[in-house]
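Have a look at the picture before you start.

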Amino acid sequence: MAQQIITIEDLQQFRLQLLEDLKALIQPANNSSQKEWLKSSEVRKMLGISHGTLQNLRIKGILPYQKLGGIMFYRYEDIARMLNGDKVTER
């Protein structure tokens, strides 16, 4: 079996392509009917992440949320900003 060497540039290119793919998935959903607030299950489905990953994003302060009656809500705007690499601040 042939071995391939992965360079730092290859990883950087992969990261950029992955971010572009995620942005492309979210962009079509960004229309007038897009909800402002999303539940955890909707965010997990949108980003293709597990419950634990979403919890880590909350704990590390990467993705702000609001808790109402035991249900966590996330702003669509904050999710898009996070994917663009912009700093999301707590409200």
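Before anything else: two residues touch, or are in contact, when they have heavy atoms within 4.5 Å. Keep in mind that this is a predicted model.

**Exercise 1. Find out which residues Met-46 touches, leaving out residues up to four places away in sequence.**

Solution. 
- Step 1: start in helix H2, where Met-46 is found.
- Step 2: look for its partners, and you get Ile-26, Leu-38, Tyr-76 and Ile-79.
- Step 3: Leu-25 is 21 residues from Met-46 in sequence, yet the two are 8.1 Å apart in space.

**Exercise 2. List the elements of the protein chain in order from the N terminus.**

Solution. 
- Step 1: count them up: four helices and three strands.
- Step 2: walk along from the N terminus, and the pattern reads α-β-α-α-β-β-α.
- Step 3: see how far apart in sequence the contacts reach. Taking contacts in the chain with a separation of 6 or more, 53% come from residues 24 or more positions apart.
- Step 4: The chain exposes about 7,000 Å², with carbon and sulfur atoms supplying 54% of it, and 21% of its 91 residues count as buried.

**Exercise 3. Work out where the buried residues of helix H4 lie around its axis.**

Solution. 
- Step 1: name them. In H4, residues 76-83, the buried ones are Tyr-76, Asp-78, Ile-79, Met-82 and Leu-83.
- Step 2: look down the axis. These residues cover an arc of only 165°, so they are on the same side of H4.
- Step 3: recall a rule about helices. An α-helix has 3.6 residues a turn, so residues three or four places apart point the same way.
- Step 4: ask what they pack against. The answer is helix H1 (8-26), strand E1 (37-39), helix H2 (40-47), helix H3 (51-59) and strand E3 (71-75).
- Step 5: go past the end of the helix. H4 is followed by Gly-85, which has a positive phi, near 85°.

**Exercise 4. Identify the element that gives the most residues to the largest nonpolar core.**

Solution. 
- Step 1: find the core. It has 13 residues, and Val-43, Leu-47, Leu-63, Tyr-74 and Ile-79 are those with the most contacts inside it.
- Step 2: sort by element. At least two residues come from each of H2, H3, E3 and H4.
- Step 3: pick the top contributor, which is H4 with four residues.
- Step 4: zoom in on Leu-47. Setting aside neighbours within four places in sequence, it contacts Ile-26, Ile-79, Met-82 and Leu-83.

**Exercise 5. Search the whole structure for aromatic pairs, and say how many there are.**

Solution. 
- Step 1: run the search, and one pair turns up.
- Step 2: classify it. The ring centres of Tyr-65 and Tyr-74 are 6.3 Å apart and the planes are at 45°, so the pair is tilted.
- Step 3: compare the partners. Tyr-65 is partly exposed at 32% relative accessibility, whereas Tyr-74 is buried at 0%.
- Step 4: look for a charge. The charged end of Arg-58 sits over the ring of Tyr-65, 5.7 Å from its centre.
- Step 5: finish with Ser-40 in helix H2. Among the residues Ser-40 touches are Arg-58 and Tyr-74, and Ser-40 is buried, with a relative accessible area of 14%.

Note on methods:
Residues are numbered from 1 along each chain as its sequence is written. This is a predicted model: local features need pLDDT of at least 70, side-chain atom pairs count only at pLDDT 80 or more; totals for chains, interfaces and linings use all residues. Side-chain values use heavy atoms; hydrogens and water are left out. Rings of Phe, Tyr and Trp (its six-membered ring) pair if their centres lie within 6.5 Å; planes under 30 degrees apart count as stacked, over 60 as edge-to-face and the rest as tilted. Buried means under 20% relative accessible area, exposed over 50%, partly exposed in between (1.4 Å probe, protein chains only). A charge sits over a ring if NZ of Lys or CZ of Arg is within 6 Å of the ring centre and within 35 degrees of the ring normal. The arc is that of the directions from the helix axis to the C-beta atoms. A nonpolar core is a set of buried Ala, Val, Leu, Ile, Met, Phe, Trp, Tyr and Cys residues joined through side-chain atoms within 4.5 Å. Accessible areas come from the Shrake-Rupley method with a 1.4 Å probe; for residues, only the protein chains shown count as cover.
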